[in-house]
Amino acid sequence: MSTTDTPESPKPASPKPVRRRRKVADSAATPPAPPAAPAAAEATPESSPAPLFTAVLDVRWRDLDAFNHVNNSNYLTYLEEARLQWLSHVPGPWFGDHAMPVMAATQLNYRRPIEWPTQLHVELFCERVGNTSMTITHRIVDATDASRCYCDGNVVMVWMDPSSGKPVPLPEAIRSAVA
């Protein structure tokens, strides 16, 4: 028996998997990506265009949910109310027997909870005007601090003939109001 075969000799360790480390030189050579530009809806009020219309709304006690902040479904009600207030200020006919607006799509980004009592400004902006539709961008902000944004997003409104269910051209009153 040789001296290397003695029971006191340690057995060779089993090979361990090789872990590859990222080379520091590689990560230092690659510059970090620049931060993404903020979305237009999140831009500061100073850099945003003037709103098409701003509705002033008070949060009602009944708007609250079990967590004591405004239930997310009420945000849509606030936006609807703001659009109707704006439309009531549009000079000229914007609806009739053969042309009524319907909501075709909506996008909401919930930024922070709204608590009671709070007064809100719902700001509406015209993002796009098409042949039969328009896209209205919106922001729900605190009435005393416009940098406190609760919600932003947009809504697509399509004017349709209620008897046929087909889209119709945007009324001239709407085109003039957003020009």
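Let's start at Met160, which is partly exposed with a relative accessible area of 21%; here, partly exposed lies between buried (under 20% relative accessible area) and exposed (over 50%), using a 1.4 Å probe and protein chains only. Keep in mind that this is a predicted model, where local features need pLDDT of at least 70, side-chain atom pairs count only at pLDDT 80 or more, and totals for chains, interfaces and linings use all residues. Residues are numbered from 1 along each chain as its sequence is written, and side-chain values use heavy atoms, leaving out hydrogens and water.

Met160 sits in strand E5. Strands (E, at least two residues) and helices (H or I, at least four) are DSSP runs numbered from the N terminus. Leaving out residues up to four places away in sequence, Met160 touches His98, Ala99, Met100, Val102, Gly165, Lys166, Pro167 and Val168, where contact means heavy atoms within 4.5 Å. Val102 is 58 residues away along the chain, yet its C-alpha atom is 7.1 Å from that of Met160.

Now move to Thr132, in the loop between strand E3 (119-129) and strand E4 (133-142). Thr132 is partly exposed, at 25%. Beyond its neighbours within four places in sequence, its contacts include Trp159, Pro167 and Val168.

What about the interior? The largest nonpolar core has 33 residues; such a core is a set of buried Ala, Val, Leu, Ile, Met, Phe, Trp, Tyr and Cys residues joined through side-chain atoms within 4.5 Å. Tyr78 and Trp86 are among those touching the most other members. Helix H2 (72-89) is one of the elements giving two or more residues, and H2 gives the most, with 6.
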